[in-house]
Amino acid sequence: MEFEPVIGIEIHVQLDTRTKMFCGCELSFGDEPNTHTCPVCLGLPGSLPVVNAEAVHFGLMIGMALGCEIAPRSIFHRKNYFYPDLPKGYQISQYDIPLARSGKLGEVRIHRVHLEEDAAKLVHAGASGRIHGAEASVVDFNRGGTPLVEIVSEPDLRSASETAEFGRLLQATLRRMGVSDVNMEEGSLRMDANVSLRPAGEATFGTKTELKNMNSFRFLERGIDAELERQEAILRDGGEVVQETLHFDPQSGAITSLRSKEQAHDYRYFPEPDLVPVAPTEEMLERARDALPELPAARAERLERDLGLTAETAKLLAFRTELGDFFEEAVAADGSDPRALANWVTGELVAQLGDDQPTASKVEHRALARLVTMMNEGKVSGSAAKQVLGVLVAEGGDPEAVVESEGLGAAGADELAGIVDRALAENPDVVEKLKADPGSKAVGAIVGAVMKETKGRADGGEVQRLVREKLGV
Amino acid sequence: MSADILSLTGAQAAERVRAGDLDAGELFAFYRERAAADDLNAFLWVADGPDGANSSGPLAGVPLAVKDLFCVEGVPSAAGSRILDGYRPPYTATAVRKLTEAGATVLGKTNQDEFAMGSSNENSGYGSVQNPWDRERVPGGSSGGSAAAVAAGLAPWAIGTDTGGSIRQPAALTGIVGLKPTYGAVSRYGMIAFASSLDQCGPLTRDVTDAALLFRHMVGRDPCDSTSLEFPEEVPLPSAERLDGVVFGVPPELTGEGVEPGVREVFERTTKLIEELGGKLEEVSLPHSRYGIAAYYVITPAEASANLARYDGVRFGPRAETDGDLTALYEQTREQGFGDEVKRRILIGTYALSSGYYDAYYGRAQRVRTKIADDFRAAFQKVDLLVTPTSPTVAFRLGEKTEDPLAMYLNDALTVSMPLAGIPAISIPGGLSDGLPVGIQLAGPAFSENRILDSAYALERAIGFEGVPVGV
């Protein structure tokens, strides 16, 4: 029997607002513990929450970007449980009437989008690293009350890689909107996956498990695959999957159950009496709509359609907003060959930048565009152009000037002729092979020798042409 | 001179200070001495001096007694609970701040039922309060300390909070005036919460003019309280002498069953006075108000069960000594810190919100609440104000009802419906029954405080209640 994976995801996104969800404390990361607190986010007696308008604005933008219906009146609830990172003894969250619902991103339906507050950060001293058995635990309330948006997808995903891909699209979309840092390692984007298997072709769902807090897409993918494997082994043995919350350890690849007590929680949700419903006005909706930029999915489609980029390249540019912006500005400066330009941006430029943004280097978009055109015009060879780009990234400037000062201009026909002659003379065995088989890959040795001699300034095609001409093949 | 100061109402004292006839420092010292000598257990803390007083404001430095549950920066604010013993908040409640900005001076913090849960002040973690009219009797609750302090002349005026009657009922039982404003009229920021959707603070004063004066300086939208609203009009000092054209509804549900004969007699005398002053009486029905107590004792414990979750020993207040286990820390801190009534209500509220019971209890109680509000709305189509007794009985004996929570809850029968509907109501002294004060309650639609105060003022003059100060 074949099994089909059924996967849905839940994402918690820390919003990049100036202040916390329900008070005026500034958001911070890495500051001295407990320096961004007030009576409200410490849950002191008598304090009251007030909804952060910017968080609502970002929430509306997210709801709209995900094609959701915006609730005319959404309400906050109290989710009650005791834990030292939860100063009020309840989390203010949205429950039965979320800010937005019923949307779609790509092919995946979005169940709901809601606003809530983050918990504080617990640090446990002692071997276990957990509160049970800790020698001491301390709480840093700087993070407590950070605005969160929770996005829940429908169970529309069918594989681990599809899930990771959707996660990347969602991350790129949120980053593009500027509503969050979406940094998984720092926890500004946290992803849980609900995973189950069912016999292929069946409509009903199997029992799901929840993989908690995956801190990279690679681990998410590996974790889901490991969990699917575990579930399949259970089902093939005639066993039953137990609904539980699981932790995937990327180091060991092991899946362990978190305390099943968590499932037994009765959160006793009830409407938060300290807050009034969030009823977005026409003006608020318009402001959110106006603030929406072109989103990655739409941008990829446009780049593919209008500039003839491959789907893969278009997506690379669209998912990395700054790269896409750099590319589009370069095209605006010189749009004679967008495909070549795109390949240079996503290939050589990314190779030189690593994870840095183009703005972190000194290369100007018009300089790269000019370089690509120079290459097309035969003024600089491909490999010399890579060296030129290296200079541009490190020092900036104009590609023509770099070619001039570094002597990286394409070797002319006259200069090449002599070098090719010398190379042929030094490689009689290659000459024999080429005479016997003009298509032989042995030509590469000659091209290589010429490249070495010219320090990469030669055009490979031109060298090959000269070789054939001189050998009369 | 002392007897003279004691006879002044808050408004009169303020006027004397502003006119230069009375020194604000002397006024404060006079009341400080009385409050410090309090033997009713009305005060839990008394200020050393008029710190930061602003006697140039309209309230001219007149001392103010503040219910313990209002946070005052650096001042013990424990809401009558041992679980907050010694807690001094880092900030001041908006209502207190507004009053001090207007010139009031904090005289002290007054005793109350723990977290405002009670109708006799016997649930205080700091001992019960004696009623100055009869020291064997309760002053009512939960703002019992504020009421006793004003009635005994230990303070010229006070503020308290009302969730189901906690201003009006103690005002009635001690022969003073107590106003519960419209929900949202006064900010709740800095008021240690009992039941957030009903809690509202208001004045406890010797007369209606004082209530209006304090109220005037408390109202207004507060950016720190999302549920607060701008008061739609100025609050003038009341001046009505007659009640011509005002129609008073008399709801049989809140004037008949359970009201003891002595209270009924005072009530009937008052309704006659209303007619003599030109007012009209009309019977109106509030059919759902009989479910008020039931709904109230589901909704308020439910909200309280969440509001009181923060008292866990982690960040402030006393922490139980334990072997270090987190659950033990929670359980023992709360076991030691909370009194029986608070524990009872946390249990009731937790149960009412539990999965599987939510609809049957909390959901249903909220539907009843809507019906009660609808009843009032319908009634105010026909009448301007409602008139009822405030409490079904006069002050009862200390210990008389402590073993019977249900009997205690019934004290609120005539007062719980108004906060459930969010509407304002006042209690003024209507007279005596067997030597003990009887309160008369006037209620009106949301934001009708000015009309309520005006009618209460006219009635107050006609009643001519003489009773302040007594017993000390």
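The model is predicted: local features need pLDDT of at least 70, side-chain atom pairs count only at pLDDT 80 or more, and totals for chains, interfaces and linings use all residues. Residues are numbered from 1 along each chain as its sequence is written, while chains are lettered from A and ligands numbered from 1 in the order in which they are written.

Start with strand 9 of chain B, residues 385–389. Helices (H or I, at least four residues) and strands (E, at least two) are DSSP runs, numbered from the N terminus. Five of the five residues in strand 9 of chain B are buried. Buried means that 20 or more other C-beta atoms lie within 10 Å of a residue's own; exposed means 12 or fewer, partly exposed is in between, and C-beta atoms are placed from the backbone. In a regular strand the side chains alternate between the two faces of the sheet. Here both faces are covered: B:L385, B:V387 and B:P389 lie on one side, B:L386 and B:T388 on the other.

Now look at the neighbours. Two strands pair if DSSP finds at least two bridges between them. Strand 7 of chain B (residues 247–250) runs parallel to strand 9 of chain B, with two bridges. There, B:G249 stands opposite B:L386. Strand 11 of chain B (residues 436–443) runs antiparallel to strand 9 of chain B, with four bridges. B:I440 in strand 11 of chain B stands opposite B:P389.

Turn to helix 12 of chain A, residues 399–406, where A:P399, A:V402 and A:V403 are buried. They share one side of helix 12 of chain A because they cover an arc of only 100 degrees around the axis. That arc is taken from the directions from the helix axis to the C-beta atoms. The face turned away from the buried side carries the exposed residues A:A401, A:E404 and A:S405. Just after helix 12 of chain A, A:G407 takes a positive phi of about 65 degrees.
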